[in-house]
Every structure is written in C-alpha cells, then in structure tokens.
Amino acid sequence: MCRRGRPFRGFPPLHAFVAAFALLAFAAFAAAGAEKRVLLLHSFHQGYEWTDSLHRGVVEELLNSGGKEIALYTEYLDSIRNPGESHEEMMAELFRRRYAERGVVFDAIVCTDDDALVFLRKRGEVLFGDVPKVFCGINDFTPERIEGMTNVTGVNEAISVGETIEAVLNLCRSTKTIAVVSGSRRTEKRNLELVRWIAPSFGDAVEFVWLDELEPDVLRKRLGELDPESSAVLMLTYLLTPSGRALSVRESMELITGATSAPIFGCWDFLLPHGAVGGKVVHGRSQGEAAASLALRILAGERADAIPVELESPNRYVFNAAMLRKFSIPEALLPKDSLLVNRTAASLLSNWEALSRKFFFGYDLFAENVVPMLLIDPDTGVILDGNHAAIGFYGYPELRGMNIANINTLSPDEIAREMEKARRRNIRFFDFQHRLADGTVRHVAVHASPVSIEGKDALLSLIIDETERVVAQETLRQRNLWIAVLVAVALLLQSGALLMLLRSAAHRKKAEKALRESERKLGALFSSMTEVVALHDLVFDAEGRPVNYRITGCNAAFTKSTGIPKEAAVGRLATEVYGTETAPYLQEYGTVALTGEPHTFETYFAPMDKHFFISVVSPGENSFATVTADITSIKKAEQLIEAKNKELEQVVYVASHDLRSPLVNVDGYSRELEYSVEDLLRALDDESLAPPEREGAIRALLPDITDSLRRIRGSAKQMDALLGGLLKLSRLGRAALAIGPVDMNELMAELSSSLQFQVREAGATLRVGRLPACRGDAVQLIQVFSNLLGNALKYLDPQRPGEIVVEGRIEQDRAVYLVRDNGIGIAPQHQEKIFQLFHRLNPSESEGEGLGLTIVRQILGRLDGEVAVESAPGTGSTFTITLPAASKKGE
C-alpha cells in the first residue's frame, strides 16, 4: 500500500453505527493467551482537555482491538502544574515502588506529549527495562528527540498553520487582519516561529498582528482594539503568561472571547468546545488512536524499531457548528470531509434520512434488528431515530422527534443525570420504567452506549423488556409474605386454643373443639398450598448455641418439591433429612427464631439443583416456619436473558471489529485508486510525452488500478458475507418452533445417509449408537447435528484415519448426546471462543463463515438445551448436547 513515497497511513474514524457498537469489544490476542500489560504515560493532568482527548483515542482503539486481554495502567506526570526536576524525581520514585519493586513488567508503553517522552528517555530503561515505547503528541518530531533510545516508534504532531489560515480567509472573506495569540511555553514559542515563517507566503492578502507573550491585561486591551468585522484571531494556545502564571484552556479562551467578538480559529481540537470556530486541527483522539494502533502491532509481535515513525500528523478539518451559525458561515464553504461538532438535535433531524444512510454503516442491521433500539440526543432527550422493533414495542407512530421524557417515568432532571452517566461511560446498563403509547408501563433493561454523528454526541440504547420477570418476582414475594402471615396467624390460633385448654377445665370440650377446628383449618391450608411449608424447632448445644433444627411439620408440597416423604422428614434433624454436614441456612433461620424478625431471601440449593425464594417467620420461641417457592424456572428465564445479552454483545463486537477491517481496506485502496487516477490524468495531459511514452506510462498504472479494484471488490464481498451472517442469525432467532418428541435415531439415520459422501471423501468412519428421544424441534435439531458433524469432518487430523462417534444417554429428565471425534482438537483458550460469531480456528485452511457453532448454541438455547466442549490439541474433541428428555408416553 506504499507507492511513490506516499505511505498510506491514517484512516478516518468509523461511521457512527460501527463506532456505537465498539462498546463491548473482545480480545484480539487470544492466540497469545496471556494478558498484555500496557502503561499509558501522560505528560499532563487528568481533566486537561488535550490529555483527555489523547486518552480517549488510546483507550478506545485498544478496546476495539483487544480490550479483554489488555491490562491498561494509566499514569499522569502532571508537568504543567508541577514543573521541575524535583517533581520528576518524585514521580520516578513513585513508579519504582509501584511497578519495579513489585515485579510489574510491561509489554508496551504509550507516552503522550514531550514531557513524557523526555522522562522515558532519561529514566525509562532504569524503571521499566527495554520495553517497546510508542509516543504521540510530540511537537515537530526530529530523530534527535529519541537519540540514545531503543525499541521506540510513534506519531508526530505538527500543526497545520497554512491550511488553517487559508480556512480563515475562505470562510471569513472580509478578513483583513489576523491577530496571532501565543503564550510563553516552549512549545508555544516554537509554534509561533512556524507561523512567522509561513506568514510571508500570504503576501498582501492579510496583515498579521503579533500578540505573543503578553500579560493578560495587555492582551485583553490589544484584542479589544481589533475591528470584529475585518479581523480574526489565530489562537496558538495561551497557557503560560510571561510572569509564569499557568492558565487552563478554558481560562485562556474565556479571556480572549471576553475581549473580542471577532471569530477565533485554532490548530487544536480542544479549543472548539470553548468558542473557537475551528480549522485544520491537531486531533487529540486521532493522535491517540494512531499511537494505540502502533502499540497493537507491537503486542502482535512486531518490534518497535521496525515500525517507522508516522511523520504525517493525523490532522483534520473540524469546525464548531454553533460558531458557524453565530458568524453566519455557510457549511457549504467548509473544506471537503470536514467534521462538525456541537450540532443540535434539530439540525440532525432535519436531514436525518440522508445522514442515517451516510453515517450508519450497516443501517439495515439497525433498522431490522429484533431488539428495540433508540438513538437519543443526551443534551435534549430528543429521540433521533428508533428501529422497527422499537416502533412496534412502544406503539408511537412517530418515535423520531419525541422526547425520551415522554416515555421514561423518571423526572427530566433524573433522566439527564442518567444520560450523562451513559455518555461518560460510568454506567452502561440501566433499569427503567417506560410508558407505551397505550398508557401501560413496562419494566425495561437499557444498554446505552455513547456514539458520535456529525460531531454530535448521541446515545445508542438497546431496550430489553423485563416486565414479566419483574412482575413475577414481585407477585411471588408478596404472595409468600401473605402466606407466611397466614401460617403465623394459624399457629397463634392453635397456641391460643392450647392456652384456653390449660386455663379452664370447664371449657375443655369447647377448647378441644376449637383446637380441632384450628388444626383442621391449618391442615387444609397446608395441604392446599402449592408452596412448600415446613415448621421447625431449633436444636441447641450444651452452651446454648443453635447447631441444628428439627422438622416438626410439613405439607404435601414439601414432598412434591423435595421428593422427601413427610414420614421421613417430620421429627428428624435437618442434617439427616437433607444429607448435609450442617443444617441448611441455620444462620438465617436461627436469627428469625431467636429475634422474631421475619426474613426473606433467594438461594440456590445445590443438593437439589434448584433455586428457591424463602420467607421465614417465627410463630413461637425458638421455632420458625418457612414458606418456600421454587423459582428455578424464573432463574432459567434470567439466564436466557443473560445469554441473549451475550449474543447481543457478540453482534456488537462483530459490528465494531470484524466489519472494520474490510471498511479500512476499501478506504485505503480507494485512496490508492484515486492516486492512480491522478497520475493517469497527468500522463494524459502531459504534452511533452510522445504517444508511445504516454501509452507506456498509462499501461504502467493499470496493474495498480486493477489490484486496487480487485481488493475493493474482495472487501465488499467480505462485508456482504458478514452482514449476511448477522441477518441470518437475526432471522434464526425469530423462526417459529414446532416443539414435540423427536426420534433421534431416525433423525441421525437420515443425517448419516446425507453425509455418506463427505465421510467417504474424508476417509473417515461415522458410528451412531442407540440414542434416547428428546423434546425439541426436529428441523432445528437437524441443523445442530449437521453443523457439529460438519465441523468434525472439517477438522480431522490428516495424520490418522478419522473417527466420529455419536452416543446418547438419559440423565434424570435430560437427554444427553455426545459427538466425539479424533481430530486436531481445540486449545483451552479457544474452547469458549469457538461459539462466538465468525470465530474460526484455522481461517486460512478451512472454508466457512464461522457461524456454525454460534448457530448451534443459539438453537439449543431456544430449545432449553445446552452445548459444551471438552478437547485437547492432538487428541480430538467431544461436544456434549443436553435437551429435555421425551416422556415415556411420548408426550
């Protein structure tokens, strides 16, 4: 991709939809196995706009390409607020104790700005060893800046002064004077020298006024003398006064905007939020992304010394939409491919149809996704877009343009706070109540991610309806509390009857009748309840401490749920009944029995492999009653939701990562194609060339043009395959199921027959044992076992004859099937990842999309089934599939 001395380097940021899905990226270094440690060393302090911009670029690029296996350590030298050798020595001592003494070894160091590079040049090898180093934000890099350093590369930072001055003259055509503002920092002086060197090239087109190294009062006065109609300000940063006072970007920009109403242009992106119009700016985020990209190459095995320093600073035209409106500058005058920031929601909505197609790569995947999705402006709460699923879920005919405050039941202030948390990535998952068009309120889980569209911040929110689960849990809790109260009242009535019996012999018969009536009612209550009810007395040791409890009564639901007959439970200790070393939940039960305070809790009871919701009350001294509901089915539903969320995360990762590679190739080779066309036009226009020479020059360009077109088509096919795979999975999740008993012997016989040719071609044998029947969808199960057997054939070991065995058995109420092969096997670090979207063990050696095992897990999840793998490289793999067993009657 490098020709004629013009290296193909920086790429523009991904379009908004792909960037949106970058929130949950998976590890890119799975093959390496071990976690990679990266130190991010900043020159300045957290909260300093430039540093924060660099930090975002580094962090998001690392997350996009390998976040789960990269441990990122961040340090700030804070050199603006604490200059000098003594502070530098203190930081070196801190790093020595924090890292060197604890044996922390880094795989790469990324440093930002000049001070951090100087620090590493002087002290890096002593503190961290010969660790590969990547720099960015280094002003006007020369090789002398890294003289004496080894294993280092990086990204140059150079301001685009000429282009920014040209932008001033093109956008503000009445400008006759440009006032150049600069401070007293070393880099500020160096940048001023660059402007002074470039200024003469503009001749008489504009007059330059030099406002450098002035104290604030003097600067304010000089700026106030400018004519706003014919002047503009070129801000080179004013962060240090001649008297040594340090200013923040906000403070310096407030000084300038308060002193003049002339438009202010600059060469850094961090000036724009404070009132600058814009320019061709040093883009901190792009600098950070470029540096992180080099670091990822190093982590993948390249030496830093072998990677050339990127001398072309990744600058770009960025403008503040609010300032363009203020100074009546038409967007049509902006340079091509300019980025606009601070756009309003209204301006986006006015042209949304075009913007959505332009910036939402794979927009159909958003629009047609079965999960409701909203795109929200966090500043105003306006809904910029909603997909078809969201429109169907909420029922509003026009979601676009509505305010989320009309849907979310929180107050506007609470909504604003929650959206700010999502925008800052402090929280990504929320539980809300949303109001539908018909007036009903639904409990929803919201997964929100910040995105950027045309420079405007937005939130992409994925909506999951959890109303049934929430309502079921609350209903169960309320019902169990009422049951517990009823049990307590019944027991109190029984106790009262006993007291009456003891107090009055004359009323004995009446008391006995009342007691029998109470016992009858209590027995009826016990026998008719579907919840498990049991009565217990604490058992104490010699020192008066609870050590066990005895079951004194239980209802029929106890036997139905636990399988333990009433006769085997009543009168016996809990440890004997449940077969445990200690009495289950003795601490919780003992507290209730001793204090009388009721208690409720959820638990998983391993001996029965069940989840329970338990309410405990104390009907009398040292005794307690439990009302227990089996919530295993609810927990399975929650696990299903969690599994769906993981599937969604995989889609997120594919959209942000796997789609990025072909998109980058298309962008890169289209640029190469553009260069070739330029050369072609020059050859056609060059009249000094004779016809044979012109033909030769043109023919010399044709191989590059053909190669670029071929690679662009290949990338387009790759993107089409990825999107097709995602849509295939989406359709699979919506397919109707026909659940019923499935004769697996018949199914496997049919499948074995269809695979005879492939098995014979592979030189393998396929043996199918006697298989139990299960409950499921026969069509879907054919796809499951077809994918598993296809993988077994694909990954046979060429060093020995292939053997594939399918066996089955019944375990309790589950049908278990084993698909075993003696193929090449799967390394431990890949055994979970093989179920992820588009994951392939040997992409260069096998065909396919990498969807087979993802489809297997998705289908089995819908059929209340599971799949797991056991494998070792060189010995083969065993896939275990479990499904609900068919009843003996075949029901």
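Throughout these legends, a residue is called buried under 20% relative accessible area, exposed over 50%, and partly exposed in between, with a 1.4 Å probe and protein chains only. The structure is a predicted model, in which local features need pLDDT of at least 70 and side-chain atom pairs count only at pLDDT 80 or more, while totals for chains, interfaces and linings use all residues. Residues are numbered from 1 along each chain as its sequence is written, and side-chain values use heavy atoms, with hydrogens and water left out.

**View 1. Phe785 and Tyr817 form an edge-to-face aromatic pair.** Phe785 is buried, at a relative accessible area of 1%, and Tyr817 is likewise classed as buried, at 0% relative accessibility. The ring centres of Phe785 and Tyr817 are 5.9 Å apart and the planes stand at 90°, so the pair is edge-to-face. Phe785 belongs to helix α27 (residues 778–794) and Tyr817 to strand β27 (residues 814–821), so that the pair links distant parts of the chain, 32 residues apart. Rings of Phe, Tyr and Trp (its six-membered ring) are paired if their centres lie within 6.5 Å; planes under 30 degrees apart count as stacked, over 60 as edge-to-face and the rest as tilted. Helices (H or I, at least four residues) and strands (E, at least two) are DSSP runs, numbered from the N terminus.

**View 2. Tyr48 and Phe270 form a tilted aromatic pair.** By the ring-pair rule, the count comes to 26 aromatic pairs. In the pair of Tyr48 and Phe270, the ring centres lie 6.4 Å apart and the planes meet at 40°, so the arrangement is tilted. Tyr48 is in the loop between β1 (36–42) and α2 (49–66), and Phe270 is in the loop between β9 (264–266) and β10 (278–281), so the pair ties together parts that are 222 residues apart in sequence. Tyr48 is buried, with a relative accessible area of 6%; Phe270 is buried as well, with a value of 6%.

**View 3. Tyr549 belongs to a cluster of aromatic rings.** Ring pairs join Tyr549 with Tyr578, Tyr585, Tyr589, Phe601, Phe605 and Phe624 in this cluster. Tyr549 is located in strand β19 (residues 546–554) and is buried, with a relative accessible area of 2%. The side chain of Tyr549 reaches the backbone oxygen of Pro584 at 2.8 Å. This is a polar contact, defined as a pair of N or O atoms within 3.5 Å; within protein, one must be able to donate a hydrogen and the other to accept it, and residues adjacent in sequence count only if both atoms are side-chain atoms. The C-alpha atoms of Tyr549 and Leu586 are 7.7 Å apart in space, although the two residues are 37 apart in sequence.

**View 4. Asp78 makes a polar contact with Asn82.** Asp78 lies in the loop between β2 (70–76) and α3 (85–100). With 13% relative accessibility, Asp78 counts as buried. The contact joins the side chains of Asp78 and Asn82 at 2.9 Å.

View 5. A salt bridge is a side-chain nitrogen of Lys or Arg within 4 Å of a carboxyl oxygen of Asp or Glu.

**View 6. Glu101 and Arg96 form a salt bridge.** The closest N and O atoms of Glu101 and Arg96 are 2.4 Å apart. Glu101 counts as exposed, at 53% relative accessibility, whereas Arg96 is partly exposed, at 31%. A search of the whole structure finds 32 salt bridges. Elsewhere, Glu85, Glu88, Lys122 and Arg123 are linked in a salt-bridge network.

**View 7. Asp305 and Arg303 are joined by a salt bridge.** The side chains of Asp305 and Arg303 meet at 3.1 Å, N to O. Asp305 is partly exposed, at 44% relative accessibility, as is Arg303, with a relative accessible area of 46%.
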